Structure formats: structure tokens, C-alpha cells
Amino acid sequence: MRVLLAGATGAIGRPLTRALVAGGHEVLALARSEQTAGAAAVLGARAVRADAMDRDGLLRALAGVRADAVIHELTALTKPKRILDANDPSTLLRTVGTANLLEAAEVVGAQRFLTQSMALGYGYTDHGDRLLTEQDEFAIAHGNAADPVIEGLRSTEHQTFAAPHVAGIALRYGLFYGPGTWFDPAPGSRPTPVPWRGGGTVSWIHVHDAAAATVAALEHGSPGHAYNVVDDTPATWLEVAAAARPAAHPVRIPAPWLRRMVPYFGPLMLDTTLRADNTKSRIALAWTPTYPSYREGMAAAILT
């Protein structure tokens with residue numbers, strides 16, 4: 001397929017672009033700058049100079065362009081904002097950005113549209129030991145600092161499934177770890193603060209496994225369906241941070257300080273226990289994570 005990819009040079013975008021090209025797909029990468037365009041070219045993509053948040057400019061740039069599918073992998077996960085609201089960059093990419101990219105999909109004649117969602121959308125709360133499936137309620141607000149994230153996830157999934165001109169698919173990724181993420185084992189990468197006592201147990205996914213699942217969903221996913229893209233081993237924040245740098249001590253922050261520093265980290269790292277089930281993705285997409293846990297994934301990244 002010819003795939004228009006938004007977010008080709010991000011943490012998941014880089015391995016996804018390589019995986020798409022390796023699978024015989026042609027990748028058109030949205031690029032806001034010459035630097036991003038150059039990075040996309042190195043990955044094997046052809047750049048289309050446009051900003052997904054600039055609707056008119058995006059549609060002008062795509063005039064005459066044809067593509068079979070659009071994949072939305074845009075997020076703004078740089079330095080976390082202390083307070084989240086409806087104008088948080090990642091939330092806007094999921095609300096306004098999704099709307100713009102769905103219009104772009106119509107312009108280029110795409111038949112399929114995949115959007116980045118998150119397993120955390122099942123709710124920033126303690127779900128206990130039960131495995132959550134795609135049949136569980138999704139995007140339920142709990143009246144805490146994470147509600148803007150929930151709204152963004154609700155919006156991108158609703159828009160994707162409701163679009164009349166494309167087959168919409170949502171990928172509910174676990175928390176990313178690996179190259180380019182908050183939990184990057186590369187020497188010199190900055191450690192992410194984690195709760196002193198470990199934090200909640202949540203589902204994770206290596207970015208290379210996330211990319212492989214996305215290609216599988218592009219090729220085999222069913223319209224109107226969401227897929228949990230997680231590994232087999234839920235873990236605490238401290239466990240993953242320690243595996244990223246086995247020779248160093250993780251930066252551990254007492255819970256009250258963590259809530260005060262970045263209120264969103266409270267519901268994210270302290271209040272949420274969330275174990276997602278990947279059975280549907282394994283069966284429907286014929287996908288299996290290469291790294292069943294963060295231990296194998298971190299070790300592989302460190303070795304390479």
C-alpha cells in the first residue's frame with residue numbers, strides 16, 4: 001500500500017516507517033520542516049511538507065496525492081506539562097489533528113485510517129488484577145488531572161470509527177519503552193523520575209513491537225475495531241526504569257512530591273493499576289510481541 005504517515009520520525013514512527021518499507025509499503029511522511037523531511041528520507045520515506053495541525057495547508061499540500069491508507073502517530077511527548085488541559089499539545093493532536101487527518105484521508109482517497117490510542121484510556125484508576133479487553137468501557141473520565149488525556153483518546157477513537165469514507169482502526173498501545181521514549185536504555189539518555197515505592201502496575205510495549213502490530217493492523221485489522229497492543233508482562237514504573245539502566249539507580253520521587261511537581265503524574269504513575277489483554281491482537285492480527293516483557297526488550301536494546 002501507499003501509506004500517508006503522520007509522526008514518521010517520532011518514537012514509534014521511526015521503527016514503524018522502517019517496518020512498513022521492509023514490508024513492501026510505500027511511505028509518504030508528513031514533515032513540518034526540512035530537518036524532519038531529511039530524517040524521514042533516511043528512514044526510507046518520501047516527505048510531504050505539511051503540518052497536520054494546519055488544515056488548509058495540509059489539504060493544499062496533498063492536492064493530487066494518492067494514498068491507500070493514513071496512519072496517525074502524532075503525539076507531543078517531550079517535557080511533560082505541569083498542568084494538562086484541553087489545549088495540551090497531545091490532546092489537540094488527538095482532537096483537531098485527527099479531524100484534519102481524516103479530511104486528508106478523503107482528499108488522498110485512502111480506504112483505511114489507523115489512529116494511535118492508549119490502553120490507559122480504560123481509565124486512570126485501580127482496575128485490580130483483571131485483564132481488560134477491548135470489550136471493556138473506554139475513555140471514562142474519573143475527575144482527576146488525567147481527564148484531558150481521556151478526552152483526547154475518546155475524540156480520536158470516536159472520529160476514527162465514525163468517519164464514513166474510511167475503515168477506521170484504533171490501536172490501544174501500552175506504555176512505550178525503548179529507543180526515543182521516556183524509558184530509553186541508550187547511554188546518555190535522561191532518566192524519567194518514578195515513584196519511590198514503584199508506582200502502579202500497568203501494561204507496556206516496546207516501540208518495535210508496537211510498530212510490528214501497527215503494520216499487522218494495517219494489513220489485517222477489521223474496520224471499526226480497537227486492538228490492545230501490549231506485551232505479556234504488566235510491570236511497575238520502577239521495574240521498567242531499573243531495567244533501562246541496570247548499572248544505575250532510578251530517580252525515585254516520594255509520592256507527595258511527584259503529585260506536586262507534575263499533578264498528571266499522580267493518576268498516571270500512582271493511582272492507576274491497569275493490565276490489558278493482548279489476545280485479540282494475537283488472534284485477529286496474527287501478531288506476537290517479540291519481547292514478552294520489558295526485561296527482554298530492555299536487554300535487547302542495551303545489547304544493540
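This is a predicted model: local features need pLDDT of at least 70, side-chain atom pairs count only at pLDDT 80 or more; totals for chains, interfaces and linings use all residues.
Local features are given where pLDDT is at least 70, side-chain atom pairs count only at pLDDT 80 or more, and totals for chains, interfaces and linings use all residues. Residues are numbered from 1 along each chain as its sequence is written, and side-chain values use heavy atoms, with hydrogens and water left out.

**Cores**

A nonpolar core is a set of buried Ala, Val, Leu, Ile, Met, Phe, Trp, Tyr and Cys residues joined through side-chain atoms within 4.5 Å. Buried means under 20% relative accessible area, exposed over 50%, and partly exposed in between (1.4 Å probe, protein chains only). The largest core has 40 residues, of which Tyr124, Phe183, Trp204, Trp237 and Tyr264 touch the most other members. Helices (H or I, at least four residues) and strands (E, at least two) are DSSP runs, numbered from the N terminus.

A second, separate core of 30 residues includes Leu5, Phe176, Val207 and Leu218.

Because six of the eight residues of H7 are buried, the helix is largely enclosed by the rest of the structure. The buried residues are Trp237, Leu238, Val240, Ala241, Ala243 and Ala244. Beyond its neighbours within four places in sequence, tryptophan 204 is in contact with Trp237 and Val240, and among its other partners are Phe176 and Phe183. Contact means heavy atoms within 4.5 Å.

**Helices H4 and H5**

The axes of H4 (residues 89-108) and H5 come within 7 Å and cross at roughly 15°. Axes are lines fitted to C-alpha atoms, for helices over the stretch in contact, and angles run from 0 to 180 degrees between N-to-C directions. The two helices are therefore roughly parallel to each other (angles under 35 degrees). On the H4 side the contact includes Thr91, Arg94 and Leu102, and on the H5 side Pro148, Gly152 and Thr160.

**Alanine 276**

Alanine 276 lies in strand S15 (residues 273-276) and, at 5% relative accessibility, counts as buried. Leaving aside neighbours within four places in sequence, alanine 276 is in contact with Ala119, Leu131, Leu132, Ser203, Asn228 and Val230.

Technical notes. Angles under 35 degrees count as roughly parallel, over 145 as roughly antiparallel, 65 to 115 as roughly perpendicular and the rest as oblique.
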